[in-house]
Amino acid sequence: MGVLLAACLPSYLTAAGQAVPKTIVLDGKILAKAHKAYMSKLDPDLIEAVKKINDKADGIVKAGKTYSVMSKAQLPASGDKHDYMSQAPYWWPDPAKPNNLPYIRRDGQRNPELSKITDSIEKDRMLDDAETLSLAYFFTGDEKYAAHAATVIRAWFLDPKTKQNPNLNFSQGIPGISTGRGIGLIETRELYRVIDSSILLEGSKAWTRSDREGLKKWFGDFLGWMIDSPIGRDEADELNNHGTYYDVQAIAYAIFTGRRELAIKQLNVTKDRIRTQIEPDGSQPKELVRTLSWGYANMNLAGFFTLARLAESVGVDLWNYKTADGRGIRQAFIWLLPFVQNEKKWTYEQIKPRVFGQTVHLLNIAARKYQDPEYRVLAKRLGVTSGENDLGFLDL
């Protein structure tokens, strides 16, 4: 394996023209440093972490699956199956009505009917597989990983027979009320992962210039829909985590498609969201009123952390940004800490047990960005991983 790595990876770096991948959320410098350490075979923990990624990637290649909006049984109101479709998670049949319509809201309680429409599930699997495969390719240089990653990405975004149309006109519909809503954009909040995956594939013979340009066009069209459509504009005005993740998407897609000025303009909107969403003490009242307050406070802060990473690409520092009265994402992070350390009891409504996967992710990022190793110690003490592909070993 060591000979294979030594033989394959330099060709990847030469073909890509850079030792440091220009990823937009994953930190390219940290990735390059991790790769160098992996190649040296001197870090057992890193070797084990990459082995887990490679083992999972091997399973994905063996399964040979791709994912598509065409897999769903339902037909959107447009009559075009290429349109993404989903149902609002917290809306349920109304037992007081003969036909159960219109549905009624139960915040924080997911309706199991959601799984009947498969687009969201297929999209999440596509993101996980593309990310795993592209990371395996980055660390090993093995073209089998790149080849299947390219196939997975093409199936969702580029193949005329299977691709998603670049809109969310029918996302998070509510039976009896709406066929689609602006807040459905929350479902694509992690599409930036496929952008980073595609960047890690650059240099592979499996990921062509045509593929790169086609993916950029798709995201450019989707960004145009976000900006110009009534549904997209509706989400842009949201005042809680939905607004935060609108910015994540708009800025990520603007950076990817070369619209730097648009990204900077939207970051000014982000600064205003910090002012309206985070109190001077660091609390997030718009998330704390939810029935799953812990999860939403972590989720929204994770969105702001992602925005801070994106902002680095255009020379803007959100990590240390503060309003005149002290509102900022660092203060929001510090506000959470006593509740992580059990120094304070969480007294906000939380109808399900607190989980800490996203908290670990935040702690690992903060350990490096704010140069405090105690955050990483605390993350390890929690004893959980941050997700499907735990990237904590990359300090991301």
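Y375 counts as buried, at a relative accessibility of 11%; the term buried denotes under 20% relative accessible area, exposed over 50% and partly exposed in between, with a 1.4 Å probe and protein chains only. The model is predicted, with local features requiring pLDDT of at least 70 and side-chain atom pairs counting only at pLDDT 80 or more, while totals for chains, interfaces and linings use all residues. Residues are numbered from 1 along each chain as its sequence is written, and side-chain values use heavy atoms, with hydrogens and water left out.

The structure holds 21 aromatic pairs. Rings of Phe, Tyr and Trp (its six-membered ring) pair if their centres lie within 6.5 Å, and planes under 30 degrees apart count as stacked, over 60 as edge-to-face and the rest as tilted. The pair of F333 and Y375 is edge-to-face, because the ring centres are 4.9 Å apart and the planes stand at 80°. This pair links distant parts of the chain, 42 residues apart: F333 belongs to helix 13 (residues 329–340) and Y375 to helix 15 (residues 373–382). Helices here are DSSP runs (H or I, at least four residues), numbered from the N terminus. F333 is buried, its relative accessible area being 2%.

A tilted pair is formed by W335 and Y348, with ring centres 6.1 Å apart and planes at 50°. W335 lies in helix 13 and Y348 in the loop between helix 13 and helix 14 (357–369), so the pair ties together parts 13 residues apart in sequence. W335 is buried at 11% relative accessible area, whereas Y348 is partly exposed at 31%.

| Ring pair | Centre distance | Plane angle and class |
|---|---|---|
| F333 and Y375 | 4.9 Å | 80°, edge-to-face |
| W335 and Y348 | 6.1 Å | 50°, tilted |

Elsewhere, ring pairs link F157, W218, F219, F222, W225, Y253 and F256 into a cluster.

The buried residues of helix 15 are Y375, R376, L378 and A379. They lie on the same side of helix 15, because they cover an arc of only 160° around the axis, the arc being that of the directions from the helix axis to the C-beta atoms. The cover over these buried residues includes helix 13 and helix 14, where contact means heavy atoms within 4.5 Å. On the face turned away from the buried side, helix 15 carries the exposed residues P373, E374, K380 and R381. Just after helix 15, G383 takes a positive phi of about 70°.

Notes. Helix = DSSP H or I, 4+ residues; strand = E, 2+ residues; numbered from the N terminus.
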